[in-house]
Amino acid sequence: MDKNIKKMKLYENASRIFNDLEANGYTDGSYLDLEVLNKFDQLHYNGTDSVLDCINQLDIKKTDLVLEVGAGWGGPSRFIANKTNASVLALELQEDYTQVGRVLTERAKLSSLVEHITSDFLEFKNNKKFDKIVSWLALYHIPNKKKYSEILFDLLNEGGKVFVEDLTLGSKHNESDNHMLEQKLFANSLVQYKNYTQFMSDAGFKTISVRNMSANWKIFTEERLHNLKLNRDSYIKSHGVKGYEIIEDFYITAFSSFDLEIIGGIRLICEK
């Protein structure tokens with residue numbers, strides 16, 4: 001997989017989360033209350049509400065071994081582990097995010113349940129099969145949708161389940177949008193909503209449920225952008241002008257892409 005994910009400016013500075021934590025009184029090395037950390041470590045839409053839906057719909061239990069694909073800082077992995085006592089493997093392509101995620105997990109005292117590793121998912125090997133696999137806004141980064149769908153299937157135990165929230169091509173997408181999607185969202189395998197489940201089905205999965213998230217995420221990204229602008233000064237105080245400009249540009253891109261229906265969203269639950 002192309003390692004040039006850093007051209008997506010949102011991912012340039014993996015350590016920026018420490019600025020937010022310090023602004024809230026959590027200095028280097030101090031214990032992190034998960035309720036505070038979860039305000040900053042969820043890089044997907046609807047935060048821990050979405051992760052709680054995942055836990056309930058997959059019925060994640062203490063005895064489960066869970067894999068999060070594209071874990072970033074590992075926010076969902078920590079939330080799942082803390083809520084269920086399941087063992088979670090947080091898999092991330094970017095080593096700097098893995099390192100920061102490991103520090104956050106240690107400070108939240110969840111290292112006994114959450115393991116962070118760096119790997120390209122297309123090259124990921126594991127001795128054990130997983131009971132559940134989860135992923136938020138990460139699979140569309142990975143090229144070769146057919147191959148990674150097959151890898152997801154192979155990594156699961158029989159009867160295991162997958163929860164995916166991912167971007168799709170919007171109903172008004174056209175070829176002229178592709179350069180923007182590649183440069184600003186690092187899109188490598190976007191497909192139409194109606195075709196997404198077919199890749200999973202071809203890999204061997206049975207679809208349990210599928211939901212179009214486009215309208216929901218349009219509202220979320222609009223509110224997120226509005227709140228960022230309202231809190232511009234405090235964000236600049238923690239991250240500097242450049243940091244603000246990077247996040248504002250990304251938030252504008254996300255909202256406008258949903259608003260113009262260049263992209264859409266899907267929530268998919270499948271079973272092996």
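A polar contact is taken as a pair of N or O atoms within 3.5 Å; within protein, one atom must be able to donate a hydrogen and the other to accept it, and residues adjacent in sequence count only if both atoms are side-chain atoms. The model is predicted, with local features requiring pLDDT of at least 70 and side-chain atom pairs pLDDT 80 or more, while totals for chains, interfaces and linings use all residues. Numbering starts from 1 along each chain as its sequence is written, and side-chain values use heavy atoms, without hydrogens and water.

By this criterion, the side chains of Trp136 and Ser50 are joined by a polar contact of 2.8 Å. Trp136 belongs to strand β4 (residues 130–136); strands are DSSP runs of E of at least two residues, helices runs of H or I of at least four, numbered from the N terminus. Beyond four places in sequence, Trp136 has contacts (heavy atoms within 4.5 Å) with residues including His44, Val51, Ile80 and Phe163.

Val134 is one of the residues with the most contacts inside the largest nonpolar core, which has 35 residues. Such a core is a set of buried Ala, Val, Leu, Ile, Met, Phe, Trp, Tyr and Cys residues joined through side-chain atoms within 4.5 Å. Elements supplying at least two residues each include α1 (16–23), α5 (95–107) and β4; α3 gives the most, with 4 residues. Apart from this core lies another, of 27 residues, among them Leu67 and Tyr148.

Conventions: Buried < 20%, exposed > 50% of the residue type's maximum accessible area, 1.4 Å probe, protein only.
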